[in-house]
Amino acid sequence: MKILIIEDEKDLREVMTRSLEKERFIVETAVDYPTALQKINDYDYDCILLDIMLPGGNGLSILEELKKLKKRESVIIVSAKDSIEDKVTGLDLGADDYLAKPFHLAELHARVKSVIRRHQTDGNTEIEIENLILHPDDHTVFINGEELKLNRKEFDLLYYFVTNPNRLINKTTLAEAVWGDNIDQADSLDFIYSQVKNLRKKMKNAEAIPEIKAVYGFGYKLITTPEA
Amino acid sequence: MKLIHHTISKLSIVMIVILTFWAGFFFFSILDEILDETDDSLENYKHLIIQQVLRDTAAIHNNSDLMSQYFIKEISETQAIHYEERYFDSTRFYEIEYEFDPVRVLKTAFQGQDKKFYELTIMISTLEQGDMIIAILWSIVILYVTLLICILVVSEFVFRKSLSPLYKLLDWLNNFTLGGKNSPLKNPTKIKEFQKLNDTILKMTRRNEEMYSQQKQFIENASHELQTPLAICQNKLELLAERPDCTEGQLEELEDIHRNIGRIVKLNKSLLLLSRIENGQFHEIKEITLNPIIKELTEDFQEIYEHKKLHIEIKEDAICNVRMNESLANILITNLLKNAMIHTPNEGNIIVHIQSSGVTFANSTEGDSLDQSRLFTRFYQADNKKKESTGLGLAIVQSIINLYHFQISYFFDGKHHFDLRF
């Protein structure tokens, strides 16, 4: 899976690259508009992460360029502006998703995987980790072929874990994923703690091989293979 | 009190004082003048009588008519030598009128042709002071009232005419809202002071408008500029935490930093949202039914309610339709619901009451009434500062409400009530 990151901020570009490479993506980068244009002309990518405020041109015209080239890459707009107009124009121009800066790396992984999954033509949208199968579209989870009943928040949490397997996910990141938007989040950490506890119990009872582990002080991690 | 009424009331008080003094002065000077005149005529009369008597001794008899009267009485020489001529006031009984009337009396002495001495008493009827006082008082009162009415009418007219630019300006200023749509100030006047006032106020409002929009722009730009560096910090920390050589202690420290960066991010986003609302960047408006939104959102929070063992009740009296931006409607309801939820103690209850003209959010509490005046201001947090809370939730609510001219009120009756009216 190849990903192109179009981002002019060096540090951010690097940190995104490192994190996505950990997820076993092949990552290429473009620092400005002309480089980006050249890269999308020359190569095919599975997903493009597009900063719309670029030196040398507006990122939105990259979307138009892609349309002209009749390319069907998944595009996620990454913007510091987080304005509704940009979001609407971007999505109208064919972008698949819109991610506002600042974001959590776990969120980035989840979004990238989600757009790539939706673009796969074989209709196989499920995520499979060992004996756990998660269907993102109809919100169901199966362990050893048997359905695991989860409430919506538990499902959202599990979805986050399976899109970030073996990665350390921070508590506040999970809280944001569950609460959805950016407004007041008091009391949420306590809630996350109890929800993850329930989720772990349910998975353990269903004998799932992947296991959610608490990482002291920081958050949680989904371990996909049983420890030797 | 209007300026004109203030002026007139002061004027009428001053007038009363002046007119009272003037009335007193007028009365005494008239009295004095009359006395003078009367004494003069008494003097004349005396000469006439004495001349007549000297010419004709037979004339030495008493005389009386309606206006005047005189008596002549013989006195001894010693009396005559020490006699002092004097004027004084007295009364005399008139049979015709059957009353005592005031008279002015002159008593004098003279020597007749027969070398005898005589005392002459002359009385002239004079005016009644009581009557005069009343007459003067009446005329003063009439004068006062007439003057007052004249001043009132004239000053009302003059005030209205000459101060109309001031009132126009006041009206305009009263309707002026910073950052709102204001009609241009049309207030032509020939009066220099008012022209200057117009100019100064125009300049001042323009400067305020400029500063206001600059400040709004600044907040928005600053928030934007912060996003990328914040993203870098946050993401680098997330990567750092994944390094296998991190100890538990380091992870804990990292989590603290991460959580605090998260707070900055949230604050920044909320501030950005606030300035977006205030800059009118949510212009798409449509008819929105709140009932399904409220139900969806409470369902979203269901697990959290269960976690806190909260009981939530939605009372639907009617369908509540409102014209506003859809995302703002969501933000509005979310914030009010979250606010209710955060401040309800475990096992408390929340009641959402939907009516056709508004929605009320009530939640149980262990605390007291909140400070209404500061409730909706930025960064106000009641009693205990909640970690992770930005303190901007209700400020966002307020700015959405201001945008659409809705109303929100708070009251406390053992429960916190937030009453939203459209």
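**Ground rules**

I number residues from 1 along each chain as its sequence is written, and chains are lettered from A and ligands numbered from 1 in the order in which they are written. Since the model is predicted, local features need pLDDT of at least 70 and side-chain atom pairs count only at pLDDT 80 or more, while totals for chains, interfaces and linings use all residues.

**Entry 1: where the chains meet**

I began with the interface, counting two residues as in contact if their C-beta atoms, placed from the backbone, lie within 7 Å. By that count, 39 residues of chain A are in contact with 42 residues of chain B. I then asked which elements of chain A give two or more residues to the side that touches chain B. They are α1 (10–22), α6 (152–163), β12 (168–170) and α8 (188–205) of chain A. Here helices (H or I, at least four residues) and strands (E, at least two) are DSSP runs, numbered from the N terminus. The most comes from α1(A), with 6 residues.

I also sorted this side of chain A by residue type, and got 15 nonpolar, 12 polar and 12 charged. For the sorting, Ala, Val, Leu, Ile, Met, Phe, Trp, Tyr, Cys and Pro count as nonpolar, Asp, Glu, Lys and Arg as charged, and the others, Gly among them, as polar.

**Entry 2: the sheet of chain A**

Next I looked up an open sheet of 5 strands in chain A, with the order β2-β1-β3-β6-β7 and parallel pairing. Two strands pair if DSSP finds at least two bridges between them. At the edges stand β2 (26–30) and β7 (97–100) of chain A, each with a single partner strand, so one side of each has no neighbour in the sheet. From one strand to the next, the twist averages 20 degrees. For angles, axes are lines fitted to C-alpha atoms, for helices over the stretch in contact, and the values run from 0 to 180 degrees between N-to-C directions.

Within the sheet, β3 (residues 47–51) and β6 (residues 74–79) of chain A pair in the parallel sense over 5 bridges. Leu49(A) has Ile76(A) in β6(A) as its bridge partner. Packed on the sheet is α1(A), which touches β1 (2–6), β2 and β3 of chain A and makes about 165 degrees with the direction of β2(A). Helix α2 (residues 33–42) of chain A lies across β1 and β2 of chain A, at about 140 degrees to β2(A).

**Entry 3: backbone details in chain A**

I found a cis peptide bond between Lys101(A) and Pro102(A), with omega about -10 degrees. Pro102(A) is in the loop between β7 and α5 (105–119) of chain A. Glu130(A) is not a glycine, yet has a positive phi of about 50 degrees. Its place is the loop between β8 (127–129) and β9 (132–135) of chain A. Asn166(A), also not a glycine, has a positive phi of about 60 degrees, and sits in the loop between α6 and β12 of chain A.

**Entry 4: the first helix of chain B**

Is α1(B) largely buried or in the open? I call a residue buried if 20 or more other C-beta atoms lie within 10 Å of its own, exposed if 12 or fewer, and partly exposed in between, with C-beta atoms placed from the backbone. Of the 53 residues of α1(B), the number buried is 3, so the helix lies largely in the open. Those buried are Leu42(B), Ile49(B) and Val53(B), and they pack against β2 (68–75), β3 (86–94), β4 (99–111) and β5 (117–125) of chain B.

I checked the span of α1 (residues 3–55) of chain B too: it should be 78 Å at 1.5 Å a residue, and the end C-alpha atoms are 77 Å apart, which agrees. The expected span is 1.5 Å times one less than the number of residues.

In β3(B), 0 of the 9 residues are buried, so this strand also lies largely in the open. β3(B) pairs with β4(B) in the antiparallel sense over 9 bridges.

**Entry 5: two packed helices in chain B**

Last, I looked at α5 (residues 248–278) and α10 (residues 393–404) of chain B, which pack at about 10 degrees with their axes 9 Å apart. That makes α5(B) roughly parallel to α10(B), a label for angles under 35 degrees. The residues of this contact divide into 7 nonpolar, 2 polar and 1 charged.

How values were computed:
Angles under 35 degrees count as roughly parallel, over 145 as roughly antiparallel, 65 to 115 as roughly perpendicular and the rest as oblique.
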